[in-house]
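Please read the points below with the sequence and the model open beside them.

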Amino acid sequence: MAERRKTDTPAGESKPTRLQLALFSFPSLPHAFIALPLNIVIPAYYAAHTAVTLLQIASVTTASRILDAVLDPTIGYLSDRTKSRLGRRKPWVLAAAIVCSIAIYFLFQPPPKADFVYYGVWSFLLYFGFTLFEIPRGAWTAEVTRDYHQRARLNTYVAIFNVVGSLVFWLMPLALSRLTGTMAITGATLSGIAWLYVALMPVGVILAVLFVSSGIQTQEKLSTVRQMLQSFGRNKPLWNYYGAISAWGLGQGAYLSVILIFLSDYLQMAQYFPVLMIAFFIVQAVTMPLWQWIVTRHGRHRVWAVTMTLDALSRPLILLLAPGAGMVPLLAIGALGAFLNAPANFCPTAILGDVADYDLMKSGMNKTGNLYAFNTLLIKATMALGAGFAFLMLDMFHYKVGHSNGAHANLGLLLCYLVFPALLYFIASAIAWFFPIDAARHSVIRRRIERRVVVEPLLGTPVP
């Protein structure tokens with residue numbers, strides 16, 4: 001059944017213009033094309049071109065994950081308690097733009113003699129800057145508007161800029177190929193990405209701070225850590241959401257960890273992987289506005305649930321391809337997956353905003369930053385566990401990466417690539433389908449919150 005679309009706007013809140021939505025979302029673009037090489041390219045580049053060893057890289061990566069476990073909830077808690085003329089979240093994203101720009105300048109342009117200390121210092125600083133951006137920015141996304149459909153629209157804009165940023169990363173080697181003589185990722189590629197980030201991110205953040213509202217500033221009491229945990233424990237929509245995102249994260253972690261192995265060893269088409277990624281992100285960027293329109297009619301939790309199921313059911317189509325079948329059929333199947341994956345870029349974040357509103361209504365305390373912090377930490381943890389389980393399963397089936405494998409070993413690969421993720425997507429879909437907050441129920445939550453709000457104007461100087 002289609003949801004009835006509300007035409008009323010929350011009290012004191014103006015409908016964001018397209019320009020404001022674009023200004024708010026733009027920092028996601030440089031953030032996205034840095035996040036990808038940080039986890040995939042930078043470790044391999046340092047191992048090949050500097051004095052840093054694989055053991056040292058592994059040590060920094062492990063320590064960074066531990067640091068995330070401490071920093072994510074800490075930054076979320078502090079941003080919830082921040083009081084300034086700019087609001088709760090804006091000072092944090094301004095600081096993030098500065099910290100990340102400095103760290104990226106050095107990390108992405110290492111001298112040949114760069115050692116463990118150099119890699120460790122700038123890596124930690126960049127991870128810290130990412131936390132400064134991701135947690136408060138996620139909470140700010142939930143607070144810019146509390147209108148159910150405008151929130152979906154805002155998150156769609158953010159997702160589009162994020163996808164375009166990922167696309168920029170894959171296109172950069174092609175754009176620089178005439179200068180570098182190769183389409184491979186080189187030091188010149190990383191340097192170009194670093195300078196592009198430094199040029200775009202600070203300006204983008206400043207414009208967002210100047211022209212986009214801090215959102216509805218609620219007159220709420222401050223929470224202690226004990227009160228925060230108690231209210232989380234009583235928040236049923238929160239646990240519904242966390243259950244769905246955990247199952248999705250486990251499946252996604254397993255799938256992503258073996259996708260390149262599947263393309264290389266099983267399909268023997270690794271050379272098409274960059275082209276596949278470019279096509280994937282183009283399809284997502286083009287189709288997300290369509291999905292946003294569908295969400296306004298059927299609800300974000302239902303759309304997310306259905307597309308997860310359809311994605312899981314469609315992935316076995318890849319088995320129809322013979323090894324070395326060619327780029328065209330691979331791109332066709334990849335485009336279908338990109339289309340069905342598009343809602344996952346914005347639906348979960350918008351759903352978590354609804355959860356934050358419910359928590360504020362019930363507890364009278366704004367803990368949006370903490371909710372987004374735990375969400376970020378949960379996604380990182382479940383994807384890591386999913387990847388770890390996939391590699392453990394490959395080892396159990398005696399799979400040898402980069403070698404010819406028998407039927408038994410290939411069965412292990414298929415279980416990791418198709419079966420295990422599909423089962424978890426089905427679980428996530430079932431949980432998400434029964435998420436209790438739809439547009440009508442959110443309208444009730446919003447009206448109760450509006451009884452105790454102070455709203456900053458959408459344009460102009462923030463209210464003291």
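**Notes on the model**

1. His-398 is exposed, with a relative accessible area of 58%, where exposed means over 50%, buried under 20% and partly exposed in between (1.4 Å probe, protein chains only). His-398 sits in the loop between α16 (368-396) and α17, and its phi is near 60°, a positive value in a residue other than glycine. Helices are DSSP runs (H or I, at least four residues), numbered from the N terminus.

2. This is a predicted model, in which local features need pLDDT of at least 70 and side-chain atom pairs count only at pLDDT 80 or more, while totals for chains, interfaces and linings use all residues. Residues are numbered from 1 along each chain as its sequence is written, and side-chain values use heavy atoms, with hydrogens and water left out.

3. Gln-268, in the loop between α11 (236-266) and α12, also has a positive phi, of about 55°, although it is not a glycine. Gln-268 counts as exposed because its relative accessibility is 51%.

4. Helix α12 (residues 273-298) packs against α13 at an angle of about 120°, with the axes 7 Å apart, the axes being lines fitted to C-alpha atoms over the stretch in contact and the angles running from 0 to 180 degrees between N-to-C directions. That makes α12 oblique to α13, since angles under 35 degrees count as roughly parallel, over 145 as roughly antiparallel, 65 to 115 as roughly perpendicular and the rest as oblique. The contact (heavy atoms within 4.5 Å) involves Trp-291, Ile-294, Val-295 and His-298 of α12 and Arg-300, Arg-302, Val-303 and Thr-307 of α13.

5. Val-419 lies in helix α17 and, at 39% relative accessibility, counts as partly exposed.

Key:
Helix = DSSP H or I, 4+ residues; strand = E, 2+ residues; numbered from the N terminus.
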